[in-house]
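Please keep the sequence and the structure in view while reading.

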Amino acid sequence: MGSGGFEAVVSLLSGAERQLPDSLPPRVCLWANSSLPGMEANLPKRKETRKSLRIKVISMGNAEVGKSCIIKRYCEKRFVPKYLATIGIDYGVTKVQIRDREIKVNIFDMAGHPFFYEVRNEFYKDTQGVALVYDVGQKESFDALDSWLAEMKQELGPHGNMENIVFVVCANKIDCTKHRCVDESEGRLWAESRGFLYFETSAQTGEGINEMFQTFYSAIVDLCDNGGKRPTSSMSVGFTKEQADTIRRIRNSKDSWDMLGVKPGATRDEVNKAYRKLAVLLHPDKCVAPGSEDAFKAVVNARTALLKNIK
Ligand SMILES: Nc1nc2c(ncn2[C@@H]2O[C@H](COP(=O)(O)OP(=O)(O)OP(=O)(O)O)[C@@H](O)[C@H]2O)c(=O)[nH]1
């Protein structure tokens, strides 16, 4: 495990520079968490508990975004500021109680460095849950989320079904407010438009960590109870792909023409027509997609700015 080593860690590699064998077993961790925050510690003991469930979850995301620290914060309630890269993969087991079920969680914490692709690619299969982590102060780590999904999809092969896996996106390091460059609505939009859970977290302060894991495991239990299929209720996002794509396009537009989707030099009529279309699509009364209010305001301002200079 990066950032400091859990109990009972058996490292199979001495360093990243060592040549990797074709197939590498994970390091093994046993997390001491007999009383996880917000879970069994506060629950009354029930006479009858349903059969315990065993699940597999993995962490994914660029190197140094804080994957290991998030797991460590949850399982060991501590934070290690020193960065120690995960070598290949770390494996840990932990027990949690969700509602009346005892859940045995096998956690595979994947190294984010590209160097370890050959090691981690063997561990994507038979996964019920993925924690997809980025650093809110590192735009590249957010932009890389798509390539992490692509890597998993490729490893699962043509018969793998990503639809029936619970994904939680962790926008991590929110304590570093000065360096933040990916805001909440951008991250939330990316996650929710794919039917993924979204949480803002800080492994350093602990903010969001327990809520994230509790919701994540709960959703996996729902998936298992639903015969391994994601319940349809958890897949409906409340906004359309067109709305999500339009907000992203507006966010990335280079000027007011681009924002309204008209050519520089367009007429008043063309600007007004484009504006009306966007206003209908994004009006806050109609659109609940994250970032829609800001996008709507930006469109209003762009139209005002353009009309000032068009006769
Ligand atoms: N300020 C702050 N630093 C964090 C946070 N989470 C992790 N870090 C720091 O970020 C660095 C990387 O953390 P790790 O958890 O090892 O990152 P990782 O994603 O597991 O990295 P790899 O093992 O290389 O894939 C360490 O120095 C951590 O102390 C956080 O929420 N806030």
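## Confidence of the model

The mean pLDDT of the protein chain is 84, with 82% of its residues reaching 70 or more. Residues 1-23 have a pLDDT below 50, and this stretch has 64 contacts in the model beyond near neighbours in sequence. The model scores are ipTM 0.99 and pTM 0.79.

This is a predicted model, in which local features need a pLDDT of at least 70 and side-chain atom pairs count only at pLDDT 80 or more, whereas totals for chains, interfaces and linings use all residues. Residues are numbered from 1 along each chain as its sequence is written, and side-chain values use heavy atoms, with hydrogens and water left out.

Helices (H or I, at least four residues) and strands (E, at least two) are DSSP runs numbered from the N terminus. Strand β3 (residues 89-98) pairs with β4 in the antiparallel sense over 10 bridges, where pairing requires that DSSP finds at least two bridges between two strands. Ile89 stands opposite Met110 in β4, and the two strands β3 and β4 form a hairpin with 2 residues between them.

Strand β4 (residues 101-110) is mostly covered, with 8 of its 10 residues buried; buried means under 20% relative accessible area, exposed over 50%, and partly exposed in between (1.4 Å probe, protein chains only).

## Positive phi angles

Most residues other than glycine have a negative phi. Arg99, in the turn of the β3-β4 hairpin, has a positive phi of about 50 degrees. Asp126, in the loop between α2 (117-120) and β5 (129-135), has a positive phi near 55 degrees, and this residue counts as exposed because its relative accessibility is 65%.

Lys173 lies in the loop between β6 (166-172) and α5 (184-192) and has a positive phi of about 70 degrees, although it is not a glycine. Its relative accessibility is 24%, so Lys173 counts as partly exposed.

## Helices α5 and α7

The buried residues of α5 are Ser185, Glu186, Gly187, Leu189, Trp190 and Ala191. What covers them includes β5, α3 (139-143), α4 (145-156), β6, β7 (197-200) and α7 (241-251).

In α7, the buried residues are Gln243, Ala244, Thr246, Ile247 and Ile250. They lie on the same side of α7 because they cover an arc of only 165 degrees around the axis, the arc being that of the directions from the helix axis to the C-beta atoms. Their cover includes α5, α8 (256-260), α9 (268-282) and α10 (292-308).

## The annotated span

An unreviewed UniProt entry carries the annotation "domain: J" for residues 255-311; such annotations may be inferred rather than shown by experiment, and their positions are given in the numbering used here, with feature names shortened. In the model, the end C-alpha atoms of residues 255-311 lie 19 Å apart, and the span is 65% helix and 0% strand.

## Cysteines

The structure holds 0 disulfides, a disulfide being a pair of cysteine sulfur atoms within 2.5 Å. Cys176 counts as partly exposed because its relative accessibility is 33%. For Cys224, the closest cysteine sulfur is in Cys75, 18 Å away and therefore too far for a bond, while Cys224 counts as partly exposed at 24% relative accessibility.

Key:
Contact = heavy atoms within 4.5 Å. pLDDT = per-residue confidence, 0-100.
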